[in-house]
Structures are given as C-alpha cells and as structure tokens.
Amino acid sequence: NKEFRMAVGDFAYNFPAGLIDPGESLEEAAKRELWEETGLTLEKIDEVLPISFSAVGITNEKSCCVIGTASGEFAPSTSDEEEIEAAWYDKEQVRELLKGSSFAARTQAYCWWWAKQD
C-alpha cells in the first residue's frame, strides 16, 4: 500500500495493517484489515510470525506479521480517515521504489529481501 501518514506528512509504502478489534482473532483481524484497505480477500494464511516490537527505540507497541495468499480486485479503502492506494508491484518496480521512496521500516526490509530473490 502507498498511504498518506499524518505523522510524516507524506505518503509511505506499508503493508496493510491495523488493530485487532475486541473479540477478534489475529487471523480475523488480518482478513478484515486486508479487505478494508485493499478490497482483497485473504484466502490462505501461510505463516504468522512471532509478535515483535514495532519501534523498540520509542514505543512498547507490538505487532505481528501474517503472511498469506490473497485474491480479488483492488478496491478503495473502506475508511474515510485513510488515504490508501493499493497495488501489486513486481521486483523491478520495488527495486526502483527502494531507491528513494518512503517506507515503513519493516515493509522496506521485507521488500528489499524479496526484490533481491531470483
């Protein structure tokens, strides 16, 4: 996702993300957030990484990465409070974005690793 982030006053690339609602499982939250931000359906969860700190130097906030397979067509975000542009990117496009676009740190690391794979 390319999304406007108020904290930096600009767009940054980030994976779909959000909070777990009361009574919701991690898997349910991942499915809901993906759909709300992209219009895609999370078909299969391949792996759930262990919980980690989001920004260990400034907050004790924790997050968890869900890796899976999605399907469907992109749709605008369902939120009136978020400005999100969802799209697929191939490895060459990601390599170009990494040269000068703003990223969330975790997203940047995953994208760098993926774009390096043959």
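Is glutamate 33 buried or exposed? Glutamate 33 is buried, with a relative accessible area of 11%. Keep in mind while reading that this is a predicted model.

Let's start with the charges. Side chains of opposite charge can pair when their charged atoms come close. Searching the whole structure turns up eight salt bridges.

Glutamate 33 takes part in one of them: its side chain meets that of arginine 32, with N and O 3.0 Å apart. Arginine 32 counts as buried as well, at 18% relative accessibility. Arginine 32 also forms a salt bridge with glutamate 36, and here the closest N and O atoms are 3.2 Å apart. If you look along helix H1, which covers residues 26-38, you'll find arginine 32 and glutamate 36 four residues apart, or about one turn of the helix. Glutamate 36 is partly exposed, at 23% relative accessibility.

## Another pair, and a network

Now move along the chain to lysine 99. Lysine 99 forms a salt bridge with glutamate 96, and the closest N and O atoms are 2.9 Å apart. Lysine 99 is exposed, with a relative accessible area of 65%, while glutamate 96 counts as partly exposed at 43%. Elsewhere, salt bridges with shared partners link Asp21, Glu24, Arg32, Glu33 and Glu36 into one network.

## Threonine 38 in helix H1

Helix H1 has another residue to look at: threonine 38. A polar atom of the threonine 38 side chain sits 3.0 Å from the backbone nitrogen of leucine 40.

What does threonine 38 contact once its neighbours within four places in sequence are left aside? The list is Asn1, Pro16, Glu73, Phe74, Ala75 and Ala86.

## The largest nonpolar core

Which residues make up the largest nonpolar core? There are six of them: Tyr13, Val94, Leu97, Phe103, Cys111 and Ala115. Helix H2 (91-98) and helix H3 (105-116) each supply at least two residues of this core.

Not counting residues up to four places away in sequence, phenylalanine 103 touches Ala12, Tyr13, Leu97, Leu98, Gln108 and Cys111. Tyr13, Leu97 and Cys111 are also named among the core residues.

## Cysteines without disulfides

How many disulfides does the structure hold? The count is zero. A disulfide is a covalent bond between the sulfur atoms of two cysteines.

Take cysteine 64: the closest cysteine sulfur belongs to cysteine 65, and at 6.7 Å that is too far for a bond. Cysteine 64 is partly exposed, with a relative accessible area of 24%. Cysteine 111 has its closest cysteine sulfur in cysteine 65 too, but the distance of 11 Å is again too far for a bond. Cysteine 111 counts as buried, at 13% relative accessibility, and it is one of the residues in the largest nonpolar core.

Conventions
Residues numbered from 1 in each chain as written. Predicted model: local features only at pLDDT ≥ 70, side-chain atom pairs only at ≥ 80, totals over all residues. Heavy atoms only, no water. Salt bridge = Lys/Arg side-chain N within 4 Å of Asp/Glu carboxyl O. Buried < 20%, exposed > 50% of the residue type's maximum accessible area, 1.4 Å probe, protein only. Disulfide = S-S within 2.5 Å. Polar contact = N/O pair within 3.5 Å; in protein donor to acceptor, adjacent residues only side chain to side chain. Contact = heavy atoms within 4.5 Å. Core = buried A, V, L, I, M, F, W, Y, C linked by side-chain atoms within 4.5 Å.
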